[in-house]
Amino acid sequence: MDKVEEHEVVVIGAGFGGLYAVYLLREAGFDVIALERGGGVGGTWYWNRYPGARCDVESLQYSYSFDKELEQDWEWSERYAGQPEILEYAEHVSSRFDLEPNIRFHANVEQLDFNEEDSSWTVATNKGLYRASFVIAATGCLSTTNHPHFTGVDDFAGPTYHTGKWPHEGVDFSGQRVGVIGTGSSAVQSIPIIAEQAAHLTVFQRTPNYSIPAHNQPLDPNVQADVKAHYDELRAAARIERSGIISPFPINEDSAKAASEEDFRTRMNQRWDHGGFSFYRAYADIVVDPDSNARVADYVRNRIAEVVEDPVVADLLSPTNTVACKRPCLDTQYYETYNLDHVELVDISTAGIERLTRRGVVAGGIEYEFDAVVFATGFDAMTGTLLAMNITGREGLRLETAWKAGPRTYLGLSVPQFPNLFTVTGPGSPSVLTNMIMAIEQHVEWICDCLIA
């Protein structure tokens, strides 16, 4: 029989959720370890190294609040930090609080079983077996890539890449013909960078996304110093704000549909020029009143038409669905990229991708030849990683069976019939609609309080 390593708590994942869980539980006196499938800390920021990968929450807010010295000591270089800097921050936190002795790297969880006899969990990994009274799945909402199953996907002779599992050594597309499939967040960020390198770039789009400028820039030292001087007030306000993100603009309680044309244009222009998610908080009813939502959506479409020179391409890039019904994108020169002569947009909303061939991609009956193909096809979000761990609860109930009709949780924190298994920002919680680190801290603190009680 394989030797079983026993602990009070097993945390799955060493991203921002896992790191804080290890820190907080260890401080509370628990015997805790984290199991991480990657070779380092950082979670999604360890894996997502695609060109242009960047956070869409401002750096000074997308950071831990649990340690005052950490808040003051760490210096951010940009308004919106890029992946390398965020990963460096995660590594700094791990080193600063000496968390690595409590982390097992390259440990992929393959099965998780609840033992009713002693109310414990057995965690099977590629590195061996673990047993714990409590398991905390800090597995992230966007941690399992959605690899497409296109016909002929293995026939393509050139290299293929997925934005969610990018080679750590990077990729040089200089002089190449590149195809990008998808126009979600990772595509919006990576397309302008890939276009700078590629000899020709073809983007295959099924559904256009709303995106507004981030207006990223080097972080003004005076701004950083001012925020640090008022961090206590900022964090307190963020914890009671529905998104966990504090806007520099006042909270508006009026209606977009009732505003005069002049007032509406002035306010929306101000928000557009500032950049960031405060754009969608310009009026109180943008996400609840269809007429107000339509007015804001029209504004965004008009701004796209102002940037994109070809009206046909501008129309293809203009979403027709409800604005802000899902987390919108922030971009840097995304729409401007389509004005470049070597960038082409292909609409696949009707027929989709037909197949991959040895030479490229077939869509709409046309074969497009490429040297490399990038799948910007996103993630099996929220539930994918949890279901992939083959979790069995009381009376042999498997998680995929319990969630056959959709995930059912208590506030995204726990699952009926799966005792002492906790999820951090799990399905049913606000999670990806918020500042994730703020949400993570709230969940981990709740779980720690629950275990202490």
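**Pocket, cavity and helix packing**

Mentor: In this predicted model, the second largest pocket has a lining of 49 residues, and those nearest its centre are Ser 243, Ile 245, Phe 277, Ser 278 and Arg 281.

Trainee: Which helices each supply at least two residues of the lining of the second largest pocket, and how much space lies in this pocket?

Mentor: At least two lining residues come from each of helix 6 (221-229), helix 7 (231-240) and helix 8. By class, the lining divides into 26 nonpolar, eleven polar and twelve charged residues. The space in this pocket is about 1,300 Å³.

Trainee: How many cavities of 30 Å³ or more are found, and how much space lies in the largest cavity?

Mentor: A search of the whole structure gives three such cavities. The lining of the largest cavity includes Asn 209, Tyr 210, Tyr 280 and Arg 327, and by class this lining has six nonpolar, three polar and two charged residues. The space in the largest cavity is about 70 Å³.

Trainee: How are helix 8 and helix 9 oriented to each other, parallel, perpendicular or oblique?

Mentor: Helix 8 (residues 261-274) packs against helix 9 (residues 290-307) at an angle of about 60°, with the axes 12 Å apart. Because angles of 65 to 115 degrees count as roughly perpendicular and those under 35 as roughly parallel, the two helices are therefore oblique.

Trainee: What is the handedness of the crossing of helix 8 and helix 9?

Mentor: Among the residues making the contact are Phe 264, Met 268 and Trp 272 of helix 8 and Val 296, Tyr 299 and Arg 303 of helix 9. The crossing of helix 8 and helix 9 is right-handed.

Conventions
Residues are numbered from 1 along each chain as its sequence is written. This is a predicted model: local features need pLDDT of at least 70, side-chain atom pairs count only at pLDDT 80 or more; totals for chains, interfaces and linings use all residues. Side-chain values use heavy atoms; hydrogens and water are left out. Axes are lines fitted to C-alpha atoms, for helices over the stretch in contact, and angles run from 0 to 180 degrees between N-to-C directions. Helices (H or I, at least four residues) and strands (E, at least two) are DSSP runs, numbered from the N terminus. Angles under 35 degrees count as roughly parallel, over 145 as roughly antiparallel, 65 to 115 as roughly perpendicular and the rest as oblique. A crossing is left-handed if the near helix is turned anticlockwise from the far one by less than a right angle, and right-handed if clockwise. Contact means heavy atoms within 4.5 Å. On a 1 Å grid over the protein atoms alone, a cavity is a set of points where a 1.4 Å probe fits but cannot get out, and a pocket is an open set with protein on both sides within 12 Å along at least five of seven lines; lining residues have an atom within 4 Å of a point. Grid points are joined across faces, edges and corners, and a volume is the space filled by probe spheres set on the points. Ala, Val, Leu, Ile, Met, Phe, Trp, Tyr, Cys and Pro count as nonpolar, Asp, Glu, Lys and Arg as charged, and the others, Gly among them, as polar.
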